[in-house]
Amino acid sequence: MTSSHALRDRAAVVTGATRGIGLAVARALAEAGARVCVSSRNADEVRRTAAELGGVGLAGSVGDPGHPEELTDLCLREFGRLDVLVNNAATNQPFGPLMDADPALWREAFAVNVEAPLRLTQCAWHGWMREHGGVVITICTEGATHVGPGVGAYGTSKAALLHLTRQLAGELGPGVRVNSVSPGLVRTEMARFMWEPREEEIAAGLPLGRIGEPEEVAGAVVWLASDEANWITGTDLVVDGGTRVRAARTAT
């Protein structure tokens, strides 16, 4: 079990940190002792979250080319270090058949879901981690390994993010560990359209009998960020309630 002081005196940046999995991760990092710098599009939500956590925040889109550098600079200016980067912000647009996908939204999906994590990692590396070490964690998805209706752009971009994570793990070791966490279906607003109409049906098909909660993903992130995981890099930690093995589940 990860200690409540496992990340004491460390500083973390979390993107998409004012709701859902990102908010749960930011809270869990703060509870583990980290000073947290949060980012999200909504300025009011950023202010509230930063105040709640006793940290700092910057409103903006990670898809904006200037945002990663501004966010990194804020963390270094306020905390003097940047030990943990959690690339959580994502978009699931364009949603629908790929034959109908708007090319501009397709490019935005890759700008937010793939390019932004790379740019943030570059900023963290050059600003602190190259000299001092650190941990980078990307929030991917269990769905990156298979296909599904409507989520072609999201799944394709997350598959690219999964490969990017492994590539960075190989390039940035030994000083920087890079891993991903891939949630299954979790109770968030972003995923509401998937779970709300048929939660009981979905839960019944999972070996663990329910969909996930954001805090359960956050626990995995904190563990990977801690020294308990200091011989782990290039790994994808799946937190999915058994989604990938549900084919073996028999009706009860």
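The model is predicted, so local features need pLDDT of at least 70 and side-chain atom pairs count only at pLDDT 80 or more, while totals for chains, interfaces and linings use all residues. Residues are numbered from 1 along each chain as its sequence is written, and side-chain values use heavy atoms, with hydrogens and water left out.

Let's start with the helices. Helices (H or I, at least four residues) and strands (E, at least two) are DSSP runs, numbered from the N terminus. The axes of H1 (residues 20-31) and H2 (residues 43-53) come within 10 Å and cross at roughly 25°; axes here are lines fitted to C-alpha atoms, for helices over the stretch in contact, and angles run from 0 to 180 degrees between N-to-C directions. H1 and H2 are therefore roughly parallel to each other, as angles under 35 degrees count as roughly parallel, over 145 as roughly antiparallel, 65 to 115 as roughly perpendicular and the rest as oblique. On the H1 side, Leu23, Ala26, Arg27 and Ala30 meet Thr49, Glu52 and Leu53 of H2, where contact means heavy atoms within 4.5 Å.

Threonine 18 is buried, with a relative accessible area of 9%; buried means under 20% relative accessible area, exposed over 50%, and partly exposed in between (1.4 Å probe, protein chains only). Its side chain makes a polar contact of 3.0 Å with the side chain of serine 40, and another, also listed at 3.0 Å, with that of glutamate 45. A polar contact is a pair of N or O atoms within 3.5 Å; within protein, one must be able to donate a hydrogen and the other to accept it, and residues adjacent in sequence count only if both atoms are side-chain atoms. Not counting residues up to four places away in sequence, threonine 18 touches Leu23, Ser40, Glu45, Val46 and Thr49.

Now over to serine 182, in strand S6 (residues 176-183). Serine 182 is buried, with a relative accessible area of 0%. Its side chain makes a polar contact with the side chain of aspartate 236 (2.7 Å). Leaving aside neighbours within four places in sequence, the contacts of serine 182 include Cys140, Thr141 and Val238.

Last stop: glycine 80, in the loop between helix H3 (67-79) and strand S4 (84-87). Glycine 80 is partly exposed, at 42% relative accessible area, and touches Cys75 and Trp128, not counting residues up to four places away in sequence.
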